[in-house]
Amino acid sequence: DGSCTRVVPAACTHEVDTHYATYFLNTLAGRSYLLRRDSRYRILATYYAVRVLYQADLSGTNIYGVDVHPILERLQSDIALYKGLARQKEYPATLEKINTHYRNR
């Protein structure tokens with residue numbers, strides 16, 4: 001009837017998050033999609049995809065076995081060089097924690 005002015009996103013399950021993160025980081029189409037976006041979106045989407053797959057590794061639900069370790073160094077460099085992110089100091093600390101986890105495995 002036109003009275004609804006707010007769109008509420010559907011709840012996203014951890015399994016769906018893992019599928020999307022895998023798509024963005026581990027497929028040619030996903031990487032190509034990110035490369036066509038502006039650098040802020042690409043960096044943040046990659047960052048959150050890495051976090052999702054890291055959590056999937058910790059919980060044993062990384063169903064495709066995607067290894068995010070090779071992506072971390074480039075992502076850390078991208079975040080260090082890009083200025084203007086809202087949580088600029090939080091991102092490197094989180095990535096270093098994830099990197100330490102993979103180095104110690």
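The exercises below walk through a predicted model, each with a worked solution.

Residues are numbered from 1 along each chain as its sequence is written. In this predicted model, local features need pLDDT of at least 70, side-chain atom pairs count only at pLDDT 80 or more, and totals for chains, interfaces and linings use all residues, while side-chain values use heavy atoms, with hydrogens and water left out.

**Exercise 1. The overall layout**

Task: State how many helices and strands the protein has, and how much of the protein is buried.

Solution. 
- Start with the elements. The protein has five helices and zero strands. Helices (H or I, at least four residues) and strands (E, at least two) are DSSP runs, numbered from the N terminus.
- Read them in order. From the N terminus, the run is α-α-α-α-α.
- Box the C-alpha atoms. Along the principal axes, the box is roughly 55 × 35 × 25 Å.
- Turn to burial. Of the 105 residues, 30% are buried. Buried means under 20% relative accessible area, exposed over 50%, and partly exposed in between (1.4 Å probe, protein chains only).
- Look at contacts (heavy atoms within 4.5 Å). Take those with a separation of 6 or more: 65% of them join residues 24 or more positions apart.

**Exercise 2. Helix 3**

Task: Compare the reach of helix 3 with its expected span, then find which helices its buried residues pack against.

Solution. 
- Helix 3 covers residues 39-59, which is 21 residues. The expected span is 1.5 Å times one less than the number of residues.
- From first C-alpha to last, helix 3 reaches 30 Å, close to the 30 Å expected.
- List the buried positions. Among them are Arg-42, Ile-43, Ala-45, Thr-46, Ala-49, Val-50 and Leu-53.
- Recall the helix repeat. An α-helix has 3.6 residues a turn, so residues three or four places apart point the same way.
- Find the partners. The buried residues of helix 3 pack against helix 1 (14-26), helix 2 (28-35), helix 4 (69-81) and helix 5 (90-103).
- Check what follows. Just after helix 3, Gly-60 takes a positive phi of about 75 degrees.

**Exercise 3. The nonpolar core**

Task: Say how many residues the largest nonpolar core has, and which have the most contacts inside it.

Solution. 
- Define the core. A nonpolar core is a set of buried Ala, Val, Leu, Ile, Met, Phe, Trp, Tyr and Cys residues joined through side-chain atoms within 4.5 Å.
- The largest one has 20 residues. Leu-25, Val-50, Leu-75, Ile-79 and Leu-95 have the most contacts inside it.
- Trace the sources. Helix 1, helix 3, helix 4 and helix 5 each supply at least two residues. Helix 3 gives the most, with seven.
- Follow Leu-25. Beyond four places in sequence, Leu-25 touches Arg-31, Thr-46, Ala-49, Val-50, Leu-53, Val-68 and Ile-71.

**Exercise 4. Helix 3 against helix 5**

Task: Describe how helix 3 and helix 5 pack.

Solution. 
- Two packed helices are described by the angle between their axes and the distance between the axes.
- Here the angle is about 40 degrees and the axes are 11 Å apart. Axes are lines fitted to C-alpha atoms, for helices over the stretch in contact, and angles run from 0 to 180 degrees between N-to-C directions.
- The crossing is left-handed: the near helix is turned anticlockwise from the far one by less than a right angle.
- Name some residues. The helix 3 side includes Leu-44, Tyr-47, Val-50 and Arg-51, and the helix 5 side includes Tyr-91, Thr-94, Leu-95 and Ile-98.
- Sort by class. The contact has eleven nonpolar, two polar and four charged residues. Ala, Val, Leu, Ile, Met, Phe, Trp, Tyr, Cys and Pro count as nonpolar, Asp, Glu, Lys and Arg as charged, and the others, Gly among them, as polar.
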